[in-house]
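Subject: Structure for your files

Hello,

Here is the structure you were expecting, with the sequence alongside. My notes follow below it.

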Amino acid sequence: MGCDCCPVKRRAMVAGMKKKKQAVHEQPKRMASGKMKSEQLSSSIPARITSYGLPARRCRLGTMKSERNFSSGIPARITDALILHPSGKTIAICSVFDRVKLIDEKMSNRPSTRNKNKRQRSDNNAEAISELYRKIHLSGEVTKDDIKQLYMFGKPVCNQGCRVNTKDNPNCFCGLIPPPNGNRKSGLWQKTSEIVSSLGHDPSKDFRDSLETPAGLTNLGATCYANSILQFLYMNKSFREGVLSVEPEVLERQPVLNQIARLFAQLHASKMAFVDSAPFIEALALDNGIQQDSHEFLTLLFSLLEQCLSYSKVSKARTVVQDLFRGGVSHVTKCSKCGNQSEASSNVEDFYGVELNVKGLKGLDESLDDYLSVEELQGDNQYFCSSCATRVNATRSIKLQSLPPVLIFQLKRCIFLLNTTTKKKITSAFCFPGQVDMARWLSEQSDSEMIYDLSAVLIHKGSAVNSGHYVAHIKDQDTGLWWEFDDELVSDLGQHPFGGSSSNTPIKPVQPVPAGQSCSAEPNSVANGNHMDASSSETNTHVQTFSSTDAYMLMYSLKNQTNGDRKPQMGSCEQKLNDDSYLPAHLLKEVIELNKSYDESSQQYKTKKDSKLALITERRQEVRSVISEALVQSPVESFWWISVDWLRQWADNITPTIIDNTPIQCLHGNVPVSKISSVKRLSAKAWNTIFSKYEGGPALGEDDCCIECLMETARATVSADSYRDRRTLMRELAESALAGKYPDGQLYYVSKSWLSQWVRRRNIDSPCEADTGPTASIRCPHGSLMPEQAPGAKRALVPESLWLFIYKSANEVKPDDMIGCSVFPSDSEICPQCCVELSEVTCLEDSRRDFKLKQRQSHEKLALGKSVPLVSKNKYYLLPSSWLSKWRCYITAVGKNASSTEEPENLNTAIESLKCEQHSRLLHRPPSLIWKRDVILQKAPTVDELTIITDNDWTLFCKDWNGNEETGILAEIDLSNSVEDSLLGTSEDTPITEENVNSLDDANGETESQGPTVKTYPEVCEDCIGERESFELVRKLNYCNEDICICFVRGKEPPKYILEGSGNMLEPNNRRISKRSRRTSYGNSVNLNVSGTTTLYELKMMIWQSFGIVKENQILHKGSKTVNGETATLADVCIFPGDVLWVTDSEIHENRDIAEELSDTKMEVQQSEGGFRGTLLTSNVGTQVVSQECYN
């Protein structure tokens, strides 16, 4: 195939084009003679010529860019074309250019969609206004038509069609108010719900939903444990009645008991949905920010209440705690040999709750059997029997002697893990029945039934031991309904303790368990999202059985003993308050006053809300009414001017201010034409409406258009037009002057840079600040013309007409500016004094340039930063590397940087800074040396604090930089321990044998330690260096909020690049890392923000959180060394900012959730296992026996 430019192909192309052209001309003839059908005609038309438009594709003789400019891309030889009608019937013949015209007409008639929402501003209006101002300026008169046109009386009246209010139309009131269903973020048109919420909280929403719904208790931070216990005690009617029957004088002397009584009274008859528990918490001096154990709290509270109630003379109140919650238990030890029991076995101890194991046990029956199981005392644990007078095998067990009416089971879900020294919560499902017969667990058979009904379940939500949330599910003794008490929220659970069919918790069936038998089978229920799943079933012969993963305390009440002495009637709060025999008089009065205050606050809020909404409704109607009447409908109708700013705030604010039209007034007290964008024409009806209500003013009508301001505006407009025209002409002269072309005549100098900026500025109406100072940069301090060689003193010659225009403009802005607008004709002489000073500066720069060149030539290697080859017999000197860097920057600086680069300091001063004041010895260790291709070089000259230079360099430096040769720091190369020196000695004195070569190979393994060294005079001061390095190390270790890199290595050995990255960090005095190493991104790595005081334990917790490796399995490394311990800080183990550590997973200990470790650690730090120490619960208990905690 030939290319397009070859002769053969070009001839073929031309022939093809001729055939196509001929075919186009023959088509009309054939069509006219009837020899060609329309379909044939359509298919025979060239592809580039189609109906009603040509495609934008390339052809060999031209390029068709688009339909609009199609004519420019049509080949010249294609003159005619067939045009088909879209219907396919009408056929016409026309030239291509006629067809292009048709296309252009069709495109011009198509509606444009570009910028359809953009307002099209016409320049014709601006020209008309400008022409009108010229007419007014020339005639000196203003007609009414002129005022109507300039104040835009004739602007079309808007019918709320604009998106925003139009500034250039005084008849537009659009956008002042939102649409009928619209709103705004603030003000009058804000959403009604948002306006109501701004009034504050509605007290009526805190009332109880129904009169039979129990009230909740406020959570003060972490007091849910106390709230659940208080709700349990209140819902027990016998206990509630006992507390409320205490004499008022006893309550006054016992603050805790008084607060409980007040709390119970409010829970009983208050209208509020929740009661404030703060007075009770404060009375006990509890820390409301620390979560405590609910069982421990209940035990200590019982002990405290026993003491407080002992002062009461009411029998049912004095011993209510003992009568309801206290049981008897004995610890029996029995000799296996003689069968006698120990003397202590007959002692009966009091208990307020039975603590049952949960781990490995599936239900309440198994836990009770485990609690009462017999323990064998054998071996080292034998019992000394007084009857046998020797140590014998024995058995020990717990016997339940008596049970209280309310039996509390505490489930020991907290265990201590010895391998991790942490506490863990057991979240396994635990089965318990709705009814239990305790007779079979009593040591002696009772005459009465010992059947207990489930009355309350206290639940601990959460997986951590020292955190989480307590809720209580309690049964109402009167109605039999279960309620969930979650602090302020109280929910109806129906007939089941976990909600049953009314709960959102999915119910799963559990096999029915006969009463009194063990729940040995694993329940089918599993923990769901909130760690609680309850299931139940009931038949005629079986009891309900429930299962929970979070149940912490179970409360059972003796059947037929659940009710108190009397059953109060259920009803409204007023009925409860009228029951005088239930609440003491002083508590009754207090609750009545509280309910009254609640009603008053609710009524006040309602009144405030109604008045606010009524005002808003009235204001909205007013604004819409005035806006609808604001338009001036007729040209002859009178109107009033009003400020747009005031109109906006009036339409937006709920309480607008008085009318303020002062911002739209001129000095003459009228409305100037310049304020037309800030005013609106208001109809007389609308003006009278708002003026009669808001007053203010001043009132400005249609006759208050300011003629004086209009005339001044006309004069300013004409002046601005004249200035623009003149400046346009002057710009042409300025461009010619910058190009070096100017007419004959007087010429003047101006600053060339100033003139360039003046030309580039856009055309404005009047002179401005930028027009000042045309000659400021070319005027010398002596008032004469600055030499052009001076910096910024380039100048240009301008003709006299341009200079007069520039001079006049500058003086209008800054009159009498002699410095910035000095006159310099073309024959002005240059200041001779400045010429001399300039020549001196030039000479000084030339001499400095020569000096720098000489320095570069004399110290070529040092100037290029190259190392100096060292020889053992030569003499060298040491220079501070910092001084040498400054010197190198100084001698290599050129151009503008040359003048700003500082010279290095005096050489003697730099040398003295290297010596200690106390011993006059060297304060820095000499640089290290290496062998490289049989040449001794300084190992790291770019980072060393000292640099080795030759004797010749030192001499020249002393001469040029005011140094003393005798005070220099002399350096000699010592090869006494060098391997290379041994090699040289071998080659000279000893023949090279296999034994000698082996010895040299052994020595090569320690080349770095036995390389050449530098001896200095004076010697190195080790004492001062050691003290300084110690101080520097302490400073480096005292870092804060810096990053270190942790790499997780899966396997025994890390990759080499990780070892290199971490190994570079081992030496604290050598902190430099290569750029390649700094850019290395390690595979499975993370950057952790730490401080020098961060402990290894905290670092391991961060690693745990990042990689999921439990801290006990982490093996932490820095380079090849292992970092052990947890109490040490990062500073103690020399971990610096930027270090790379790597960690492996030993996989010895099982994985667990980090939340448990974090929460336990946090609580241990906050509480330090302090419990209720420092509260009233422990200070008043004295020697009372406190039940042991839930931990094993």
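Helices α20 and α21 are oblique to each other, at an angle of about 140 degrees. For this label the cut-off matters: an angle over 145 degrees would count as roughly antiparallel. Please keep in mind throughout that this is a predicted model. Helix α20 covers residues 707-738 and helix α21 covers residues 752-760, and their axes lie 10 Å apart. The crossing of the two is left-handed. On the α20 side the contact is made by R727, M730, R731, A734, E735, A737 and L738, and on the α21 side by K752, L755, S756, W758 and V759. By type, the contact residues of α20 and α21 comprise seven nonpolar, four charged and one polar.

P791 sits in the loop that runs from α21 to β31 (795-799). P791 is exposed, and its relative accessible area is 82%. Between P791 and I778 there are 13 residues of separation along the chain, while their C-alpha atoms are 9.6 Å apart.

**The cores**

The largest nonpolar core consists of 64 residues, and L233, F239, F297 and F325 have the most contacts inside it. Which residues does F325 touch, once its neighbours within four places in sequence are left aside? They are F232, L233, F239, F302, F351, Y352, P404, V406 and I408. Another core lies apart from the largest one; it has 37 residues, including F351, I415, V436 and F546.

F239, one of the residues with the most contacts inside the largest core, belongs to the buried set of helix α8. Helix α8 (residues 237-244) is mostly covered, with seven of its eight residues buried. Besides F239, the buried set holds K237, R240, E241, G242, V243 and L244. What do these buried residues of α8 pack against? Their partners are α7 (224-235), α10 (255-269), α12 (294-309), α13 (315-318), α14 (320-325) and α17 (585-629).

In helix α15 (residues 364-371), the buried residues are L364, D365, E366, S367 and L368. The buried residues of α15 pack against strands: β9 (354-357), β14 (406-412), β17 (430-433) and β24 (551-558).

Regards

Technical notes: Residues are numbered from 1 along each chain as its sequence is written. This is a predicted model: local features need pLDDT of at least 70, side-chain atom pairs count only at pLDDT 80 or more; totals for chains, interfaces and linings use all residues. Side-chain values use heavy atoms; hydrogens and water are left out. Axes are lines fitted to C-alpha atoms, for helices over the stretch in contact, and angles run from 0 to 180 degrees between N-to-C directions. Helices (H or I, at least four residues) and strands (E, at least two) are DSSP runs, numbered from the N terminus. Angles under 35 degrees count as roughly parallel, over 145 as roughly antiparallel, 65 to 115 as roughly perpendicular and the rest as oblique. A crossing is left-handed if the near helix is turned anticlockwise from the far one by less than a right angle, and right-handed if clockwise. Contact means heavy atoms within 4.5 Å. Ala, Val, Leu, Ile, Met, Phe, Trp, Tyr, Cys and Pro count as nonpolar, Asp, Glu, Lys and Arg as charged, and the others, Gly among them, as polar. A nonpolar core is a set of buried Ala, Val, Leu, Ile, Met, Phe, Trp, Tyr and Cys residues joined through side-chain atoms within 4.5 Å. Buried means under 20% relative accessible area, exposed over 50%, partly exposed in between (1.4 Å probe, protein chains only).
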